[in-house]
Amino acid sequence: DSNNRFLQHFSDSLTIKNESFETLDEDTIYHQTYYDPARLRLAKLNRAIPVMTVFDLITELLGEDKRWRFWINPKKDCLKLKPNVITISNSTQKDLIKFYSRLQVESHVIYLGTDIWKLQEVRPLYPEGFSHFSPYLIHIGKRGGYKNFELILQAIRNLKVNLLAIGGEPVNENELSLIKSHKLESFVHFLELDDLQMSHAI
């Protein structure tokens with residue numbers, strides 16, 4: 001079926017070439033962008049320092065099923081290799097301990113982002129923050145696929161709360177139609193802000 005074809009394509013795209021790991025040594029930090037235990041194992045064999053970031057454990061919190069095992073198992077296999085683990089929040093670290101304490105994984109909390117307001121002064125687009133939108137929710141980045149933008153619209157239609165959709169792809173006709181069907185035209189706002197403007201607004 002289509003799911004199997006997708007998994008096969010994804011697996012084929014991760015075909016490992018040992019030659020790419022031959023240049024690694026004990027001074028190399030190998031930081032994975034996603035969960036790939038085979039590559040992580042190769043990095044360790046070549047004496048590199050393995051690092052992986054755990055962004056969340058939503059899948060584990062919602063409960064395992066056949067559909068999600070494709071995402072859970074690689075994460076678990078990576079953790080079994082005892083890499084240096086980064087979690088992006090204290091909450092994520094607590095969830096990691098809750099679900100994987102038996103693996104005796106050590107982790108460190110490193111927040112995403114940086115103190116960007118120290119790097120450069122910027123004229124804030126919203127000098128008073130987003131208070132004039134209050135109450136509001138923020139959606140950042142792309143809205144397609146697993147980001148569940150349509151589900152968010154359904155969730156807020158009876159809440160009378162503003163939704164600030166920041167960044168991502170340009171709004172499309174389907175999204176405008178959904179917003180209109182839920183009578184949310186005056187509640188959904190599409191904004192274009194860079195990181196510096198965001199740092200002043202939130």
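**Cores and sheet in a predicted model**

Let's start with the core. The largest nonpolar core has 18 residues, and M52, V54, L79, V85, L96, Y100 and V105 have the most contacts inside it. A nonpolar core here is a set of buried Ala, Val, Leu, Ile, Met, Phe, Trp, Tyr and Cys residues joined through side-chain atoms within 4.5 Å. Buried means under 20% relative accessible area, with a 1.4 Å probe and protein chains only.

The caveats. This is a predicted model: local features need pLDDT of at least 70, side-chain atom pairs count only at pLDDT 80 or more, and totals for chains, interfaces and linings use all residues. Residues are numbered from 1 along each chain as its sequence is written, and side-chain values use heavy atoms, leaving out hydrogens and water.

At least two residues each come from α2 (37–45), β2, α4 (69–80) and α5. The largest share is α4's, with three residues. Helices (H or I, at least four residues) and strands (E, at least two) are DSSP runs, numbered from the N terminus.

Take V105. Beyond neighbours within four places in sequence, V105 is in contact (heavy atoms within 4.5 Å) with L79, V85, L96 and Y100. A second, separate core has eleven residues, including L153, L178, I179 and L184.

Now the sheet. Four strands form an open sheet, ordered β1-β2-β3-β4, with parallel pairing. Pairing needs at least two DSSP bridges between two strands. β1 (29–31) and β4 (107–109) are the edges; each has a single partner strand, so one side of each lacks a neighbour in the sheet. Three bridges join β1 to β2 (residues 49–54). I29 stands opposite I49 in β2.

How values were computed
Buried < 20%, exposed > 50% of the residue type's maximum accessible area, 1.4 Å probe, protein only.
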